[in-house]
Amino acid sequence: MTPGSTAAACLAVLRRDLLLAWRRRGDAALPLLYAIIVTALFPFAIGPEAALLSRIAAGVVLVTVLLAMLISLDSLFRADLEDGSLEQLLLAPQSLTLLAAMKILAHWLTTALPLLLLSPLLAAMLGLPQGAYGVLFLALAVSTPLISLFGAVLTSLTVDTRRSGMLLALMLLPLMVPVVIFAAGAVAAAAQGLPWAAPLAFLGAMLALAVVLAPLACGAALRIALDA
Amino acid sequence: MNTLTLWFHKLGSPPSFYRFAHVLRPWLLTLALIAGVVALYGGLVLAPPDYQQGDAYRIIFIHVPSAWMSLFIYAVMAVAAFVALVWRMKLAEIVAMECAPIGAAFTFITLATGSLWGKPMWGTWWTWDARLTSELVLLFLYLGVLGLFHAFEDPRRGARAAAFLVLIGIINLPIVHYSVEWWNTLHQGTTVRILGPSKIASSMLWPLLLMTLATKLYFGASLLGRASTALLSLERGKGWVQDLARGDTA
Amino acid sequence: MNDYAANPILLEARALTFTRQDERVFGPLDFAVHRGEAVLVEGDNGSGKTTLLRVLASLLQASAGELRLYDAPLTRAAAAGEILLLGHHLGLKADLTPLENLRYVAGLFGQRRGADASQALASVGLAGFEHEPVRRLSAGQRKRAALARLLIVPAALWLLDEPYANLDREGIALVNRLLERHVHTGGSALVTSHGTVDFLAGSPRRIELRAA
């Protein structure tokens, strides 16, 4: 692979971000612990009655995963901005769309994938019915990339502002309402033995569009936010 | 270049826009006030009580035009945002950003009146009706635009970032609306309809339409006022603003 | 000294101006940089030197005026592969080693034929520190690690923002050596400094930016 080619650049970005996450692998545990603690709060808040908990299990797991990802999204570009690497990324001869896509992929691999693997535990804590675990996994597999993709675009807009974390929440959560509705709806339906494929198919369609459009929007948003 | 394009170009220049806004605003405001008062009289006094809801339905004369405005203003904001991003036009940036607080206000009025209506109708201050819930999400979209705009020190950069957010929002708005509708049917079975039967008596229709006109005129007046002020603030270093401040006629 | 005046013009600026929130940061500037020429951009703090370099790198859009590269309008696409910016913030990831940082830069911007990352680090005086996370290096060592990319990445025009900052006498000599070699092979450079520095064994052409 020739250095400076598109493939080399994409691999370089991906490799670098994965390497950085590995160097700070202790930090990777934080979103997971957060998710566990938040999930554990619900029984404390509404009582340990099994029937009630299992009814809300799907929704709570989904919202908890969303919030955990929200926290980690803010730092997607912030560190790069502060040490000047974002500047270099904007100067790279390759398409910023592709490079942004690689950063988003690295983020999903290091943040969402662990949460995805943790989700059965979270669901078990709230007593999700057995038949719904597979659908929960599938629903998260489709919705977490959507959260990463949308989140990346929005966090690009706030990369150079203060209080960006709160601002990101205000901007991202309303747009995630459809994701929450469809994903949690599908899992809840599966828990009741009802058909669950339709909302997931819709999410899949959204994901297909987002995979193509979000990196492009992310690049544009970075340039707009940094006045480039 | 025909006269319309020429006029549009002239309008884009800050001093001309300021003059235009200054002249037009009092007219719009007066007309809005007159239309609003007549519409309210028609709706609150002249129109007969509803067959099912009695006098409580009268809040639709404020609720429905507000709801329509909340969506209309978002559309106007999106058009201005598009122009601002594609052509980097200062005035478009200002117009887009000044639409947001007005739109947010109308959305809030929609939610508040919807809540006030809900109390006598269904005994509860809030129902997770599909439309009200969509309005709530819309309010958050407006607040997000405002929050993002004000997070930047440079108002032009902030306006462009917020304009981008507006466009993202408008693309997702239909998706949000559809998902909320689906969610509503999933969890409640029957849709709760806030607006009564689709056929509405003419004695109730004309105050509603007149109120819609009044709110549109008010929006125009408010937007012109806010945009002029923002323009003055943005251009404060320029000659025409200094002349204006000194009291010379431009 | 290099006789560059006969060489073709690499970069040309005409009436280049930059304003931020209605305040003029610099301009209107008119200058041309030939191949094989190194130019010093002088000015006090706040005079817009960094902003000028960022405009030349096409990171920022000029408010007015024209920029031409190889006698064609300077666009981001045209600048890619030709211009290298070494900014205030060095663009180094603190958790990675200088070697890993260089590999990343090479992946993005390409690598000169025959260039080798370890050798480059040795040339800038970081032999033995290639595998130390940048976080643990001193400010001067970090600067050297950033300078190493000048030996790896092929670029016709170097834009160096305060390259002498944080460097000792040897480090300053290193920067001058790198500049010398670069212009001898036909490259060009714009260097900012707010102190008086001479490179190229004499007086380079200077552009003065006065604080607004």
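# The C–A interface and the three chains

Q: How much area do chain C and chain A bury between them?
A: The structure is a predicted model, in which local features need pLDDT of at least 70 and side-chain atom pairs count only at pLDDT 80 or more, while totals for chains, interfaces and linings use all residues. Side-chain values use heavy atoms, with hydrogens and water left out, residues are numbered from 1 along each chain as its sequence is written, and chains are lettered from A and ligands numbered from 1 in the order in which they are written. Buried area is the accessible area (1.4 Å probe) that two parts lose on being put together, summed over both. For chain C and chain A, 58% of this area is on carbon and sulfur atoms, and the area itself is about 2500 Å².

Q: Why is chain C described as compact as a globular protein of its length?
A: With helices (H or I, at least four residues) and strands (E, at least two) taken as DSSP runs numbered from the N terminus, chain C has seven helices and nine strands. The globule rule is 2.2 Å times the number of residues to the power 0.38, and the radius of gyration is taken over C-alpha atoms. Chain C counts as compact because the rule gives 17 Å for 212 residues, and its own radius of gyration is close to that, at 17 Å.

Q: What are the spans of the C-alpha trace of chain C along its principal axes, and what are those of chain B?
A: Chain B has eight helices and zero strands, and along the sequence these follow the pattern α-α-α-α-α-α-α-α. Along the principal axes, the C-alpha trace of chain C spans about 45 × 40 × 35 Å, and the C-alpha atoms of chain B fill a box of roughly 60 × 40 × 35 Å.

Q: What share of the accessible surface of chain B belongs to carbon and sulfur atoms?
A: Accessible areas come from the Shrake-Rupley method with a 1.4 Å probe, and for residues only the protein chains shown count as cover. By this method chain C exposes about 9400 Å², with carbon and sulfur atoms supplying 46% of it. The accessible surface of chain B comes to about 12700 Å², and the share belonging to carbon and sulfur atoms is 69%.

Q: Is B:Glu235 buried or exposed?
A: B:Glu235 is placed in the loop between α7 (202-234) and α8 of chain B. Leaving aside neighbours within four places in sequence, its contacts are B:Pro14, B:Lys90, B:Trp240, B:Val241 and C:Asp22. Buried means under 20% relative accessible area, exposed over 50%, and partly exposed in between (1.4 Å probe, protein chains only). The relative accessible area of B:Glu235 is 3%, so this residue is buried.

Q: What is the relative accessible area of B:Val241?
A: B:Val241 sits in helix α8 (residues 239-246) of chain B. Beyond its neighbours within four places in sequence, B:Val241 is in contact with B:Leu232, B:Glu235 and B:Arg236. B:Val241 is buried, because its relative accessible area is 11%.

Q: What is the phi of B:Arg88, a residue that is not a glycine?
A: Most residues other than glycine have a negative phi. B:Arg88 is found in the loop between α3 (60-87) and α4 (90-122) of chain B, and it counts as partly exposed at 35% relative accessibility. Its phi is positive, at about 50 degrees.

Q: Where in chain A does A:Arg163 lie?
A: A:Arg163 is a residue other than glycine with a positive phi, near 55 degrees. Its relative accessible area is 61%, so A:Arg163 is exposed. A:Arg163 lies in the loop between α7 (133-157) and α8 (164-175).

Q: Which residues are in contact with C:His88, leaving aside its neighbours within four places in sequence?
A: C:His88 is placed in the loop between β6 (83-86) and α3 (98-109) of chain C. Its C-alpha atom is separated by 9.3 Å from that of C:Ala165, 77 residues apart along the chain. With those neighbours set aside, the residues in contact with C:His88 are C:Thr50, C:Asp161 and C:Glu162.

Note on methods: Contact = heavy atoms within 4.5 Å.
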